[in-house]
Amino acid sequence: MSLSRKYNQLLNKNFLLVQSIQTSILMATGDALSQELMEKKGWKNYQARRTAEFAFLGCFLVGPALTGWYKILARHLGQKTNLSTTLLKVAADQLIFAPVFLGIFISCVGLLHGQNENQIRKTMEKKYWDILFSNWAVWPVVQGGNFYFVPLKYQVLVVQSVAVFWNTYLSWKTENDD
């Protein structure tokens with residue numbers, strides 16, 4: 001049995017679970033790349049807990065949220081692959097989901113780091129807009145292709161594959177005091 005056939009069987013049987021696990025793995029990969037390539041920590045200073053936190057967020061927050069969001073978009077805006085539907089989905093994704101979800105994500109990272117409400121608020125004030133503007137520089141084009149060309153059941157996988165690089169940036173941005 002081919003890998004793609006097995007993947008499709010798993011998707012059909014356990015859709016949310018598969019989306020969550022693959023997101024977890026890809027988010028952990030993004031954090032590992034951040035620590036090694038951007039922060040140049042080396043394996044001696046590698047923070048496994050941080051990677052585990054990103055994996056946790058991928059499995060229990062990001063994967064389920066994206067899966068649910070894409071289903072909502074498909075239900076309310078349709079699954080047609082035409083320009084107007086695609087543009088509506090990209091607009092909703094970038095003007096509704098992204099601003100809200102990035103705030104939730106940054107807050108959850110802070111909670112996992114043991115920050116209190118004031119510390120999380122300061123982190124939000126310091127980093128939120130920079131992350132959101134960076135999001136708007138990357139994701140509208142990616143999502144346009146995703147919503148136009150990719151069937152619903154593969155959209156989280158496609159986005160999270162591209163998001164390995166985004167997660168590398170997010171990990172670096174949420175970990176550093178710049």
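Predicted model: local features only at pLDDT ≥ 70, side-chain atom pairs only at ≥ 80, totals over all residues.
## A first look: helix α2 and A28

Helices here are DSSP runs of H or I with at least four residues, numbered from the N terminus. Helix α2 covers residues 15-38, and A28 is found in it.

Is A28 buried or exposed? Its relative accessible area is 15%, and the cut-off for buried is under 20%, so A28 counts as buried. Apart from neighbours within four places in sequence, A28 is in contact with T51, F54 and A55.

Moving on from α2, we come to the loop between α2 and α3 (48-77), where K40 lies. What is the phi of K40? Its value is positive, about 50°, although K40 is not a glycine. As background, most residues other than glycine have a negative phi.

The relative accessibility of K40 is 64%, so K40 counts as exposed, whereas A28 is buried.

## α5 and α6, side by side

Next comes a pair of helices that pack against each other. Helix α5 spans residues 117-149 and helix α6 spans residues 152-175; their axes are 11 Å apart and the packing angle is about 165°. Because of that angle, α5 is roughly antiparallel to α6. The crossing in which α5 passes α6 is right-handed.

Which residues of α5 meet α6? On the α5 side they are K127, D130, I131, S134, N135, W139, V142, Q143, N146 and F147. Their partners in α6 are Q155, V158, V159, V162, A163, W166, Y169, L170, K173, T174 and E175. Sorted by class, the residues of this contact are eleven nonpolar, six polar and four charged.

## A closer look at W166

W166 is one of the α6 residues in that contact, and it lies in helix α6. With a relative accessibility of 10%, W166 counts as buried. Leaving out neighbours within four places in sequence, its contacts are L102, I131, S134, N135 and W139.

How far apart in space are W166 and F147? From C-alpha to C-alpha, 18 Å lies between them, with 19 residues separating them in sequence.

From α3, the contact involves R50, F54, V62, L66, T67, Y70, K71 and A74. From α6, the residues are L152, Q155, V156, V159, Q160, N167, L170, S171, T174 and E175. In terms of class, the contact of α3 with α6 has nine nonpolar, six polar and three charged residues.

α1 passes α6 in a right-handed crossing. In this contact, Y7, N8, L11 and N12 of α1 meet K153, Y154 and L157 of α6. The class count is four nonpolar, two polar and one charged.

## T86 in helix α4

Helix α4 runs over residues 83-112, and T86 lies in it. T86 has a relative accessible area of 5%, so it is buried. Which residues is T86 in contact with, beyond its neighbours within four places in sequence? They are G144, F147 and Y148. F147 is also one of the α5 residues that meet α6.

## Cysteines without a disulfide

How many disulfides does a search of the whole structure find? The search finds zero. For C59, the nearest cysteine sulfur is that of C108, and it is 14 Å away.

C59 has a relative accessibility of 17%, so it counts as buried.

Technical notes: Residues numbered from 1 in each chain as written. Heavy atoms only, no water. Disulfide = S-S within 2.5 Å. Buried < 20%, exposed > 50% of the residue type's maximum accessible area, 1.4 Å probe, protein only. Axes fitted to C-alpha atoms, helices over the stretch in contact; angles between N-to-C directions. Helix = DSSP H or I, 4+ residues; strand = E, 2+ residues; numbered from the N terminus. Parallel < 35°, antiparallel > 145°, perpendicular 65-115°, else oblique. Left-handed = near helix turned anticlockwise from the far one by under 90°. Contact = heavy atoms within 4.5 Å. Nonpolar A, V, L, I, M, F, W, Y, C, P; charged D, E, K, R; others polar.
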